[in-house]
Amino acid sequence: MRLIAAFFTTLMLSACLFAADEPEPTRLVGETMGTTYSVTVVDLPDSLTEDALHQEIDATLAFVNKQMSNWDPESEVSVFNATRALTPQPISPEFAEVMTAANSIHLNSGGVFDVTLAPLIDLWGFGPKKPGEPIPSDAEILTALSNVGQLSLLTLTDTPSLQKGKPDVSVNLSAIAKGHGVDRVARLLEEKGISRYLVEIGGDLTASGTNAKGEPWSIGIEKPDARERTLQLVLPLQDIGLATSGDYRNYFEVDGIRYSHIIDPNTGRPITHTTASVTVLAENAMLADGWATAMLALGHTRGVEIANRLELPVYFIYRAGNNYVTTASKAFEKYVSESK
């Protein structure tokens, strides 16, 4: 079942080779949120079978879908979107958790991360409307913008609820839900006594402990090239979340003009700067996921300034003519040095 129109991330897991005397990790794969997932576990407990764990992972992700899916008309977020009431609506603690993180990213990114962008996402062809249809008029963009604005939502966490300030405002969690799903699976593994694992959904991931060699997990960042998949950089990671967002797979062109799926809520139009890919490291995959989208919307010039202020590890790849150039925040530099 498709959860969201997936933002195509640009991350690949690098291959790991294991010696004959090393334990073979357990790897479980499946589909969720309109993409695929993979879970790699080192030292599966004797009390837990692969099949049993696989079923619990699927059940966990199905529950996330039932809460966060904009494609399921009966999901929690869809039910909230359907109401036009301007009174607090009860929501689950998990929904409130995601909204709290989204609000923090919204404020700290200068408003470029916004979960109410659905009218613009649809208008530009990255929802039900098909890419390549006539470019929206200024009037259509202004109409869509009238129903956009994350600050028109009030999130309460003590008794979890969400309140609209505009009757037609809606919530789309596609820029943060995959990361949240990763974290929910990670919590499940921790509850089972598993501390060495790698959980990945559509490129968003969290790496915990060490791999079967007793080393940090090797994670590859892909070059932003839609023609072929090659690695730009390989990072040794543990106990951290990672997400990559790029504009080079989910876009369309009309009359030679490139339209990215990343929408600037200030203009109501796709971003036009030269940043092609952003990778973010954070304490969990949900924050990494949200910040990767925010940093791609900001672009490398403004993004580096904000990342340095927040001490957030961020790696940018941007276009310079026919070439790609990289830059990174100060907090990311240590990961680059460790990869050499």
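Where is Trp-71 found? The model is predicted.

**View 1. Trp-71 sits in a loop between two helices.** The loop runs between α1 (50-68) and α2 (76-82). Trp-71 has a relative accessible area of 39%. That value makes Trp-71 partly exposed, because this class lies between 20% and 50%. Gly-34 is 37 residues away along the chain. The C-alpha atoms of Trp-71 and Gly-34 are 9.8 Å apart.

**View 2. The largest nonpolar core has 64 residues.** Six of them touch the most other members: Ile-57, Val-171, Leu-173, Ile-176, Leu-189 and Met-295. Helix α7 (residues 285-310) gives the most to this core, with 14 residues. Nonpolar side chains tend to be buried together in soluble globular proteins.

**View 3. Leu-173 has contacts beyond its sequence neighbours.** Leave aside residues within four places in sequence. Leu-173 is then in contact with Met-68, Asn-70, Phe-95, Val-98, Met-99 and Val-115.

**View 4. A second core is separate and has 17 residues.** Among them are Leu-198, Leu-205, Leu-233 and Tyr-335.

**View 5. Asn-284 lies in the loop between β16 (275-282) and α7.** Is Asn-284 buried or exposed? Asn-284 counts as buried, because its relative accessibility is 19% and the cut-off is under 20%. A polar atom of the Asn-284 side chain lies 3.2 Å from the backbone nitrogen of Met-286. Leaving aside neighbours within four places in sequence, Asn-284 is in contact with Asp-183 and Gly-241. Ala-243 is 41 residues from Asn-284 along the chain, and their C-alpha atoms are separated by 9.7 Å.

Methods
Residues are numbered from 1 along each chain as its sequence is written. This is a predicted model: local features need pLDDT of at least 70, side-chain atom pairs count only at pLDDT 80 or more; totals for chains, interfaces and linings use all residues. Side-chain values use heavy atoms; hydrogens and water are left out. A nonpolar core is a set of buried Ala, Val, Leu, Ile, Met, Phe, Trp, Tyr and Cys residues joined through side-chain atoms within 4.5 Å. Buried means under 20% relative accessible area, exposed over 50%, partly exposed in between (1.4 Å probe, protein chains only). Helices (H or I, at least four residues) and strands (E, at least two) are DSSP runs, numbered from the N terminus. Contact means heavy atoms within 4.5 Å. A polar contact is a pair of N or O atoms within 3.5 Å; within protein, one must be able to donate a hydrogen and the other to accept it, and residues adjacent in sequence count only if both atoms are side-chain atoms.
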